[in-house]
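Colleague: Could you take me through this model, starting with the sheets and then moving on to whatever sits around them?

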Amino acid sequence: MILEELTLFNFCLYGGEQVINLAPVRRHGKLRPVVLFGGINGGGKTTILDAVQLALYGQRARCSKRNNQAYDLFLRECIHRNVDPSDGASVGLSFRYASDGEEHLYEVNRRWHGAGATVREKLEVYRDGERDKWLSDNWNTVVEEIIPIGVSRLFFFDAEQIRFLAEDSSSNDALGTAVKALLGLDLAERLIADSKILESRLVKESSLSDGDSTKIEELEQQIGQRDEETKQLKAQLATAESERQRTHEEVRRAKRAFAKVGGEHWEKRENQQKAVENLKVRDTELKIKLVQSAAGSLPISLVRPLLERAQQQDVSEDQAARSRVVHEMLEDRDRQIMESLSAEIPKEQLRAVDQILTADRQGRLFDGDTKPRHQLSERARSRLVNLLVAELAAEQESAKSLVEHLKQVTHDIEAVSRSIAAAPEEDAIKEVAEALTEKAKEAGALEDQVRKLQKELDRAKSERESAEKSLESLRSRLLKDEVFKVEESARMAELASKTQEIMKQFLSRASAAKIDRLSSYVTESFRFLLRKKTLVESVQIDPESFSISLLASDGTSISKERLSEGEKQIFAVSVLWGLARASARPLPSIIDTPMARLDATHRNHLVERYFPNASHQVIILSTDTEVDQEYYETLSPHLSHAYHLDYNEKKQFTEATEGYFWEAHAVGAGSN
């Protein structure tokens with residue numbers, strides 16, 4: 001499918017008729033897939049996306065500004081405000097689409113005008129230049145064959161709105177429907193459903209007992225009731241989920257406002273005040289301990305050298321005293337020796353012995369300072385030794401620790417006091433804080449509501465599944481009991497049963513294989529676009545529930561909540577890119593506001609890696625701060641057309657002019 005031309009007539013911001021060429025061109029044999037629209041916020045970018053969807057899907061189109069408006073009222077409000085409603089408006093889209101090996105040019109023109117209190121709409125479809133009445137009358141069916149509306153959401157998207165893929169588990173149903181349609185799995189499901197209808201009809205037409213008929217009716221009634229209940233719960237869940245996302249965005253805004261006025265400091269203020277009080281108590285305790293240390297032996301540390309000299313003196317005095325005692329003992333011993341020898345040896349020899357003994361005694365005398373000064377007692381000496389060896393060192397270490405601790409406490413008191421001083425006064429932040437609290441409560445209540453509805457939905461599905469199994473079992477038993485009188489009916493019932501069985505087996509095997517391939521494509525795309533290459537090892541999609549899981553290299557699951565806002569957007573883009581690649585369906589992509597939440601690296605990856613390769617036709621709706629001059633240069637080799645959506649104050653409507661912001665010139669693309 002290639003979009004050729006978009007025609008707007010008095011549609012929303014666009015006045016008069018404006019024809020915009022969307023067809024990608026080839027230059028030097030190379031396809032240039034990108035068509036770039038540039039406009040400031042409110043300049044009409046999203047209107048381009050709405051126009052394409054409205055042309056294709058009419059009342060079913062998910063247009064940005066419709067919300068829950070009635071279709072007639074929405075169409076009336078889409079008529080340019082300076083135009084009489086009776087003049088009307090229109091959107092036209094021409095595209096090429098190949099089917100059965102042949103390519104045709106389709107032109108879809110949807111126009112409407114106000115007729116009193118009502119709005120009259122007319123749809124005309126042309127094929128290869130000729131109006132086709134059958135196509136015009138059956139367009140809603142035909143367009144589902146070309147690009148189902150469930151699938152279009154994955155190709156025509158506002159990048160802000162696709163973030164639900166990274167946040168919302170309730171999107172699994174929508175994603176599952178789109179995946180099945182894209183991968184062709186819905187055909188097998190449709191065949192199973194059709195064969196069940198046939199089987200049901202055949203069983204009803206057979207000769208059933210009153211009990212079997214009643215049981216079948218009861219089960220079908222239960223299934224119908226559960227289907228209706230499921231439908232209502234899904235609608236309620238979608239509304240609640242939408243509200244939940246809206247409220248979460250409001251909570252984020254409230255948090256930003258809270259942070260902007262110093263909410264973080266204010267929130268911590270009470271705890272910080274308690275912390276300061278505790279620190280001041282600790283400060284006092286430490287100072288008391290330091291005073292107590294100063295009152296003990298710690299000050300003696302200042303005169304440690306004197307103590308050491310006193311100890312040396314004491315040692316000398318002790319040695320001298322011991323020497324004197326030894327000397328006196330030796331004198332007694334020598335005197336006794338001399339007295340014993342005086343009668344036995346000659347005097348000459350006795351003098352020699354006396355000289356030897358005298359010299360020996362003199363040699364043993366202590367030759368240090370023997371003048372007594374301190375004369376310490378044993379207790380005083382022990383006290384002195386203990387001071388020098390252990391006590392003073394311990395006192396000094398303890399005092400050093402107390403001082404360091406006191407410094408840290410003083411520093412902490414100053415830091416916390418500064419933080420308290422930076423906190424806003426309660427009167428200044430009260431309103432913002434209350435708004436945040438209120439939004440947080442609302443978000444919490446919606447979370448509970450979503451969980452409750454999801455639980456109810458799961459129950460309804462489970463009961464429906466149970467009733468469906470009971471009905472299938474009953475029909476199977478009836479088939480085996482051969483209740484059919486007509487042989488042809490029995491044969492058709494048997495074929496229907498076999499068809500269901502075969503299609504279920506096919507669906508199971510095909511789903512596993514195709515979802516596995518889709519998971520690989522999404523993983524590849526995500527890792528290709530993501531800045532943190534090691535953040536996610538793989539992306540897994542459950543073939544039953546279509547829930548998406550992110551896995552780290554060790555196989556553990558990574559919560560999507562851990563992703564930044566930019567990473568969530570990249571993840572959502574990766575899912576869509578993976579789906580497009582897995583489907584092998586040549587559909588164009590329209591991307592609105594693609595890079596609003598991305599940092600520089602992710603923007604580079606999107607511009608360099610995604611846009612040129614997303615599809616054979618990529619229509620980008622951007623502001624000048626998203627695709628700026630640098631990115632425009634990067635995209636230039638891939639550009640077929642660039643348009644500037646400029647609101648003309650004089651004419652009071654937006655014009656699409658050729659060229660981007662700084663290149664745009666006054667030649668309107670068909671404007672009047």
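Colleague: Before that, what am I looking at, and how are residues numbered?

Modeller: This is a predicted model, in which local features need pLDDT of at least 70 and side-chain atom pairs count only at pLDDT 80 or more, while totals for chains, interfaces and linings use all residues. Residues are numbered from 1 along each chain as its sequence is written, and side-chain values use heavy atoms, with hydrogens and water left out.

Colleague: OK, what is the strand order in the open sheet with mixed pairing?

Modeller: That open sheet has 6 strands in the order β10-β14-β15-β5-β16-β17. Strands (E, at least two residues) and helices (H or I, at least four) are DSSP runs numbered from the N terminus, and two strands pair if DSSP finds at least two bridges between them. The edges are β10 (156–158) and β17 (653–658), and because each has a single partner strand, one side of each is left without a neighbour in the sheet. On average, neighbouring strands of this sheet are turned by 15° against each other, direction ignored.

Colleague: How many bridges are there between β16 and β17?

Modeller: Strand β16 (residues 639–648) pairs with β17 over 6 bridges in the antiparallel sense, and Y643 stands opposite E658 in β17. Helix α1 (residues 45–57) packs on this sheet, touching β5 (34–38), β10, β14 (589–592), β15 (618–622) and β16, and its direction makes about 145° with that of β10. Contact here means heavy atoms within 4.5 Å, and the angles run from 0 to 180 degrees between N-to-C directions, with axes fitted to C-alpha atoms, for helices over the stretch in contact.

Colleague: And the antiparallel sheet, which strands stand at its edges?

Modeller: Its 6 strands form an open sheet in the order β2-β1-β6-β7-β8-β9. The edges are β2 (14–21) and β9 (130–131), each with a single partner strand, so one side of each has no neighbour in the sheet. Strands β7 (residues 102–115) and β8 (residues 118–127) run antiparallel and are joined by 10 bridges, and the bridge partner of G114 in β8 is V119. Helix α1 packs on this sheet too, touching β1 (2–11), β2, β6 (89–99) and β7, with its direction at about 105° to that of β1.

Colleague: Switching topic, which residues touch the most other members of the largest nonpolar core?

Modeller: Those are F37, F95, W112, W139 and Y610, out of 103 residues. A nonpolar core is a set of buried Ala, Val, Leu, Ile, Met, Phe, Trp, Tyr and Cys residues joined through side-chain atoms within 4.5 Å, where buried means under 20% relative accessible area (1.4 Å probe, protein chains only). Helix α15 (residues 565–583) gives the most to this core, with 9 residues. Apart from this core lies another, of 10 residues, including V276 and L286.

Colleague: Is S152 buried or exposed?

Modeller: S152, in helix α5 (residues 149–155), is buried, with a relative accessible area of 1%. Leaving aside neighbours within four places in sequence, S152 is in contact with Y57 and I147.

Colleague: What about L576, how buried is that one?

Modeller: L576 is found in helix α15 and has a relative accessible area of 3%.

Colleague: Last one: where does UniProt place the "coiled-coil region"?

Modeller: The unreviewed UniProt entry places that feature at residues 216–257 and 429–477; the positions are given in the numbering used here, feature names are shortened, and annotations may be inferred rather than shown by experiment. In the model, residues 216–257 are 100% helix and 0% strand, with end C-alpha atoms 60 Å apart. Residues 429–477 are likewise 100% helix and 0% strand, and their end C-alpha atoms lie 71 Å apart.

Key: Buried < 20%, exposed > 50% of the residue type's maximum accessible area, 1.4 Å probe, protein only.
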